[in-house]
Amino acid sequence: MTIPYGPGEPPGPPQPPTARPHDDDPPTTRLRPVAPGPAAPDSAAAQGIPAYAAQDHPPAPDARTRRPGRRIAPLLAAAVFLGVLGGVGYGYTQQAGEPPTPLPPLNQARLDYPEKPLSADEAPEPLSAKQDRRVRTDGDLRELLIAEPKGAVPDELGPEWLPVEQFAGGFEDPNFVLADLVTEGFRRAAATSWTQDGDTQVTIALLQFRDESALQSEEYLLGQQSYMPSEQGAGTTGVPIPGSVGGALFVSESPVQEPGYVPVYEARALARRGDIVLDMHIASSQAIAEDTAMAIAKRQMERL
């Protein structure tokens with residue numbers, strides 16, 4: 001190694017570097033010239049850093065521009081998903097082989113039935129008609145018909161069972177009424193009739209329906225009441241019957257006149273109590289008093 005200067009000797013002027021034509025250019029030869037002038041306080045020259053070093057090594061980017069956690073969120077999500085999936089699979093494999101857990105018993109006292117039928121003195125008393133309406137209505141329907149008033153003459157009809165075809169025969173279109181009753185849950189009917197005041201005939205029919213899937217009794221009631229205010233019916237709006245739900249009394253103001261027949265005044269009461277429909281008809285050659293017809297209808301509804 002050659003020592004440029006010895007001890008105690010002043011250093012001589014710097015020697016220019018020897019060019020090597022076949023070697024790569026050193027970094028200093030690839031730098032752009034820096035214009036002379038005063039250096040800024042924050043410049044590389046002011047900090048003692050050579051100009052070529054500042055140009056060859058640019059400043060590092062700001063740490064705020066780096067995003068080292070960009071991959072962390074997907075990795076965490078994948079880890080959570082795999083953890084949940086593994087936990088469910090492990091729990092299923094553990095529970096699949098276990099015996100089923102019995103359900104807790106119902107919070108109800110055990111119902112004990114006697115091994116043999118109870119005697120008449122040990123059996124509980126049946127419910128009364130006030131507690132169970134069907135105790136009354138499922139019995140003999142004829143017993144629910146009111147008796148004729150004093151002075152009235154009973155007819156051959158009552159009280160007796162009323163065949164459905166006989167009841168339908170009282171309408172203008174018996175076949176239509178008969179088919180409608182049979183298909184709409186008609187169960188049975190009972191009727192009674194009497195004659196009072198010489199020529200006033202009163203007929204009361206009780207029609208019972210099977211109100212199971214639908215209220216067929218209510219449909220029949222509303223269907224009959226719908227045409228009563230028209231000319232084919234009574235021609236007047238009905239008067240509510242006290243003690244009934246939706247019951248009404250229709251009294252015609254003018255008589256029905258047909259050639260060869262005496263003019264006839266009519267009144268009709270339509271009401272419902274449970275699955276039983278009251279269909280009362282009054283015919284007279286004289287005008288029918290509303291109070292008289294209403295008193296008969298109220299008596300029958302109270303009987304039900």
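Which element gives the most to the lining of the largest pocket? Here are some notes to read beside the model.

1. **The model.** This is a predicted model, in which local features need pLDDT of at least 70, side-chain atom pairs count only at pLDDT 80 or more, and totals for chains, interfaces and linings use all residues. Residues are numbered from 1 along each chain as its sequence is written, and side-chain values use heavy atoms, with hydrogens and water left out.

2. **Overall picture.** The protein has 7 helices and 8 strands (DSSP runs numbered from the N terminus: H or I of at least four residues for helices, E of at least two for strands). Of its 304 residues, 25% are buried (under 20% relative accessible area with a 1.4 Å probe, protein chains only; exposed is over 50%, and partly exposed is in between).

3. **The largest pocket.** Your answer is α6, with 5 residues in the lining. The pocket has a volume of about 1,400 Å³, this being the space filled by probe spheres set on grid points joined across faces, edges and corners. A pocket here is an open set of points on a 1 Å grid over the protein atoms alone, where a 1.4 Å probe fits, with protein on both sides within 12 Å along at least five of seven lines; lining residues have an atom within 4 Å of a point. The lining counts 46 residues, and Gly 170, Phe 171, Tyr 227, Arg 268 and His 281 lie nearest the centre. Two or more lining residues come from each of α4, α5, β4, α6, β7 and β8.

4. **Helix α6.** In this helix (residues 216-226), the buried residues are Gln 216, Ser 217, Tyr 220, Leu 221, Gln 224 and Gln 225. They lie on the same side of α6 because they cover an arc of only 165° around the axis, taken from the directions from the helix axis to the C-beta atoms. Their packing partners are α4, α5, β4, β6, β7 and β8.

5. **Asp 279.** This residue sits in strand β8 and counts as buried because its relative accessibility is 7%. Its side chain makes a polar contact of 2.8 Å with that of Arg 268 (a pair of N or O atoms within 3.5 Å; within protein, one must be able to donate a hydrogen and the other to accept it, and residues adjacent in sequence count only if both atoms are side-chain atoms). Beyond its neighbours within four places in sequence, Asp 279 is in contact (heavy atoms within 4.5 Å) with residues including Phe 167, Thr 203 and Tyr 220.
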